[in-house]
Amino acid sequence: MGVILEVKNLTKKFSGLTAVNDFSFEVRRGEFTGLIGPNGAGKTTLFNLISGHEKPSSGTIRFDGRDITGMKPHQIVNLGIARTFQLVRSFRFMTLLDNIAVSCLSPRGKKVAKEYGIDEYASSILAAVGLVDKARIPPIILPHGDLRKLQIGKALGTNPQLLLLDEPFSGLSHEEQKGITDLIIKLHDDGVTVFMTGHVLRELMHLVPRVVAMHQGKYITEGPPQEVANNKIVLEAYLGKGSEQLA
Amino acid sequence: MRIIIKKIAEFPSNFQSYFRDWISTFRAKVTVICLIGLSLVPLLTQNPYFLGIFTTFMIFTIFAASWDFLAGFVGQVSFGQAVFLGVSGYVTAYLIRYLSFPWWLSLVIGSIIAVIFGLIIGIPALRLKGPYLALGTLAMSLIMYQVFLMGSLATMWENAFGTNLFGAEGVSQITPISSDTVVEYFATFLIMSVSLLILTHITKSNVGTIFKAIRDDETGTSASGINTTKYKILAFMISGLFAGVAGGLFAMRFRGVNPGVFQPLYSFYAIIIAAMGGLATISGSAIGALIFVFLGEILRDTQDLSLLIFSIILILFIRFAEHGLLKPTLERIQELWDIVLGR
Ligand SMILES: Nc1ncnc2c1ncn2[C@@H]1O[C@H](COP(=O)(O)OP(=O)(O)OP(=O)(O)O)[C@@H](O)[C@H]1O
Ligand SMILES: [Mg+2]
């Protein structure tokens, strides 16, 4: 299987602070990969660079062999990379159905959605993420767990090949985490390449076969979660936060 | 991705069922009754003064709805709506006065020029957000005001074309839509009804879904694969179109335009009216405009005071009725309706 995402020497400097520092890694098509690192490691910034929400200071990002560095977010989405946000975002005054419909109306989403009709397609996505019975209500009154599902639904509306999930478990109860886990596994089984972050290694431990570790903007190591968890630098990075966070 | 397609039966699939669903709602019935009521006004009175007030009210309804569309549905708060009103007003007036174009053709061309101004305003507006957008659009209307007021431009234009365009006088002595105020009334009524229908339809369409998404979360909309730039410009052009329609009608109704139409005051009127009716309602503008225009007539002799009074009314609305009058009124009527029907 070919490389779907290739990040090379990626650097992002904010005034005085290098959030992502000469970072390189690859994700292969169909893979299920985690990105770990303690708070402030630069995971979200890395996602923002890939999704085009931030412009890199230097380095390149290639998707499916194509240079996407510096492209606009909507262009990147329409090539097949969708993302969710660590802090949940939603269209507050619109129904859940319309929240999903927006993605289905993107050029890439539309190609699939128009075969079925936008509303039908959007409701099928709501069904897939388990929110179809709430199709007619706005997200302001949803519990946090449902908002996380909605994030994934919104990403799915664009019919992604690569799904970037930023802390999809953050702020969730055990029960809710289970639901999201099942959903992500199902999506991966359906052929979506998944790349997700988590600052608590335990959450990713049993889910992904491979993790990339990041610390202070730098690439540390990668490999099966058990191995990475025993890496000296990774251990040190996390130790300040309390080693109980580890598996 | 394979997702099991689950059909939900309640979605209307064609226009007929869309219309049937719409007319079955309470709101639709009230709309139809209001429209019928308005179309009966000329049966009650042919007094040009009264019909004129109604005509003015309908023009302001279109104008305020064009602002409400942009602010309430796309989240772009403009303080420069008067630019569209003025530009189209000037073009319409000029074409009628000096080129003897028929009124409807002048109105169409004036509105198209307003659309182009929507594009011109829309592009810099993309970089401005929130209060900066409001200030930027406000500045634009002030620039237009100053340009059209310029004496030197006025003489230059007059020497070059032999007509009056710039200068304090503006373009005056325009023939109205018809010398018969009833005809003028119905023409305006028709244009207003169609304008509100189109605006409402846009907000309910797929494009409207994208507009609302931009209003609620612009970054999130781009993450959903939508080119927000394209849709924001489109929204400015649509808003410009309908403000332009209002501008052309305005020029004909008042037999001319002068640089005063570019004043922030007119943008402010649109905001007051839309706020009184209720933001993000489109048709709420009709209620707002009705109050505004009739109150304006009552306060006619106290011109200087009227802006003060309207400002106070606006503050009261913001404080006590932030959702405007349309929704609460509809709810009251619905209650009455239910009582009358014995439910
Ligand atoms: N827009 C910005 N301007 C300045 N500094 C920023 C900006 N965004 C992020 N940073 C800084 O970059 C560093 C990396 O932040 P980032 O949010 O990418 O970390 P993270 O790994 O996602 O952390 P967390 O686990 O808390 O989500 C932090 O020190 C942060 O303060
Ligand atoms: Mg983060």
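Student: Before we start, what do buried, exposed and partly exposed mean here?
Tutor: Buried is under 20% relative accessible area, exposed is over 50%, and partly exposed is in between, with a 1.4 Å probe and protein chains only. B:Trp157, for one, is partly exposed at 22%.

Student: And what am I looking at?
Tutor: It's a predicted model, where local features need pLDDT of at least 70 and side-chain atom pairs count only at pLDDT 80 or more, while totals for chains, interfaces and linings use all residues. Residues are numbered from 1 along each chain as its sequence is written, chains are lettered from A and ligands numbered from 1 in the order in which they are written, and side-chain values use heavy atoms, leaving out hydrogens and water.

Student: OK, how many aromatic pairs over all chains?
Tutor: The search finds 28. Rings of Phe, Tyr and Trp (its six-membered ring) pair if their centres lie within 6.5 Å; planes under 30 degrees apart are stacked, over 60 edge-to-face, the rest tilted.

Student: Why is the B:Phe60 and B:Phe292 pair called tilted?
Tutor: Because the planes are at 55°, with the ring centres 5.5 Å apart.

Student: Are those two buried or exposed?
Tutor: B:Phe60 is buried at 7%, and B:Phe292 is buried at 6%.

Student: What about B:Trp157 and B:Phe166?
Tutor: Their planes are at 75° and their centres 5.8 Å apart, so that pair is edge-to-face. B:Phe166 is buried at 14%. Both belong to one aromatic cluster, whose members include B:Tyr90 and B:Phe262.

Student: Switching topic: which ring does the charged end of A:Arg89 sit over?
Tutor: That of A:Phe85, 5.1 Å from its centre. The criterion is NZ of Lys or CZ of Arg within 6 Å of the ring centre and within 35 degrees of the ring normal.
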